[in-house]
Each structure stands twice: as structure tokens, then as C-alpha cells.
Amino acid sequence: MIVIRYEGVIYRPPSEFDSLIIQATIGCPHNKCSFCNMYKDRKFKIRSINHIKKDLEYAKDIYGEELEKIFFSDGNTILMKTKDLLDILSYAKSLFPNLKRATMYGSAQYINLKSLEELKELRNHGLTRIHCGMESGDDEVLGKIHKGYTGNEMIKAGKLIKNAGIELSLYYIVGLGGRELFSNHAINSAKVINEIKPDFVRLRTLMPRMGTELYEEYKRGDFQLLNPHEALEETKVLINNINEINTCLVSDHISNYWNIEGLLLRDKKSMIEEIDYALSLDSSNFRNPESGSL
């Protein structure tokens, strides 16, 4: 990870570990999700294009023009005006002629503000991947966590990204429906994934964070956290309900109980077998469900 300057705590996808991080926006424009405490310390704003360009210039002075990957943070940089995004993408390419990947976060409600033509233009100017926190495809779960969109709106956004030729990395939070919505959360999320056919589905397992609404629900006993075996069973339901599509499922986060990874078109059976093996192990082999929560 290469950082030039940054306001607040740094957040980036694990897959961007070796990318230059340029802070194009600060915070998250939504910032209402009941499970998330990532941007509570800052008010959302869009940085000036001149400041973003100066950071890019500074990065070139330090690392030279051989840089190949840039992640434009913070949350929902896709919300920026298309002309401004085109400007910084073009400028990055002019400074780093070997640039292969430019990525950013984007939630469905902000992706849907763009037209297909705008997204295609962004792709033509170097935007290669959107990281999107779907979290769930179930409308009841999405409503409870105040995500700001429905499953159908997620499908619309996902198809826009895919039709524009931009890679889509969707994030699914295991256990987000608790015990109450265990099945609906997994099955309806699989339906959304089947419709979109994203390039990646990345698993995260819920660990309630202090300072969030969901944490308070959990501490009151109003939300039942899944134990390791239940979380693995939910993951199995999710995978079993996803079609054999050319999507890579990845378990690239410390929150998860087991490393499950593969191409759904090819490895679905072996991933289920891996989960079944994990389910055969005693719960003492897994982290405490409350670890990272208290």
C-alpha cells in the first residue's frame, strides 16, 4: 500500500494492498449503515481536482512513472461528477503510462446516478474496477441495516457496471441477517448475484463494531450473532443457490472462519466439500464469534 496523504483512518479493500491510494473523496455520502463505523469520524466532502492532481504529481516524484495500480478512496468516489472523474483518470494515465488498474468504491444508489454512456466513458479513460458493498440482496435485511437501496436497485447498478465493461467486485456479509433472516439473506443474495454475474464475490463475516446501531442491538439481545458453524452453513446456502457462473468467490478477510475460494463455474463442488470439512470440526477450532466485536 502506497499512501501520499490521507485525512482520517485509511480504508481500502485487501485486494488493493499494493495500490497507490489517492484520496479523491473524504468519508461516505451515505454513512447510515447500521453495521458500519468506518467513516463516523469525518464529514463527507469531495476534494478539489487540483489537490487530487497534486497528490498524483507527488506520487510520480516519489515512485516514478512505472506505477501500475491506483485506488481512489474514500467511500463512494463514484459519486463525483463524471467530468471530474474523467479528468483525474486521464491525468493519472498521463503521469503513469504503465497504469493498468484504477479502482474505487461505489454503492448501488450512486452507481445508478450514472448513465451507461457515462460509465463506458469512464472505462475508456481507465476505470477498471468498482468495489461495491452489496452486503445483502434481501430487501428486509437491506432495510434493517439502512443500506439505502433494494435488491432490484443493486441488480440495476451491477448490470450497469458490467455492461460498461468495468469489473465488479461485490461484497457479501455472512451473518448480517442474524439467525432470524439467515435463509432469506443467503438465498436472495444469491438471486441478485445470479442476475448480475459479477467478476468477484468477496465474503466478509459480521463482527459487530462498537459505536454502531447494530452493535447496540446485539448487546441488547435484539440481534442474534451466528456461531462459526451457522456462519459456514449460511455460506453453504449462498453458494448452493448461486448458478455456475463465471464469478470468482473469495474469502479474503480476517473476519471469515474458513478460507473458501474458487471459480463458481468450475469449483462449486469443491468449495461445498471444503465447507463440509470445516463443519465437521469442533467449534473450538474457530475464533470466538465475539472477537473483534467488544
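**Exercise 1. Find which strand gives the most residues to the lining of the largest pocket, and describe that pocket.**

Solution. Begin with the strands: β7 gives the most to the lining of the largest pocket, with four residues, where strands (E, at least two residues) and helices (H or I, at least four) are DSSP runs numbered from the N terminus. The structure is a predicted model, in which local features need pLDDT of at least 70 and side-chain atom pairs count only at pLDDT 80 or more, while totals for chains, interfaces and linings use all residues. Residues are numbered from 1 along each chain as its sequence is written, and side-chain values use heavy atoms, with hydrogens and water left out.

A pocket is an open set of points on a 1 Å grid over the protein atoms alone, with protein on both sides within 12 Å along at least five of seven lines, and lining residues have an atom within 4 Å of a point.

Then take the volume, which is the space filled by probe spheres set on the points, these being joined across faces, edges and corners: the largest pocket holds about 910 Å³. Of its 36 lining residues, Phe 35, Cys 36, Met 38, Glu 135 and Ile 173 are the closest to its centre.

Finally, sort the lining by class, counting Ala, Val, Leu, Ile, Met, Phe, Trp, Tyr, Cys and Pro as nonpolar, Asp, Glu, Lys and Arg as charged, and the others, Gly among them, as polar; the result is 16 nonpolar, 13 polar and seven charged residues.

**Exercise 2. Describe the second largest pocket by volume, central residues and class.**

Solution. The volume of the second largest pocket is about 190 Å³. Its lining has 15 residues, and those nearest its centre are Lys 144, Gly 177, Glu 180, Glu 217 and Phe 223. Both α5 (139-144) and α8 (213-220) supply at least two residues of the lining, which by class has six nonpolar, four polar and five charged residues.

**Exercise 3. Characterise the largest cavity and its lining.**

Solution. A cavity is a set of grid points where a 1.4 Å probe fits but cannot get out, and the count comes to two cavities of 30 Å³ or more. The largest has a volume of about 70 Å³, and its lining includes Val 174, Leu 203, Trp 258 and Ile 260. The helix α9 supplies the largest share of this lining, three residues. By class the lining has seven nonpolar, four polar and no charged residues.
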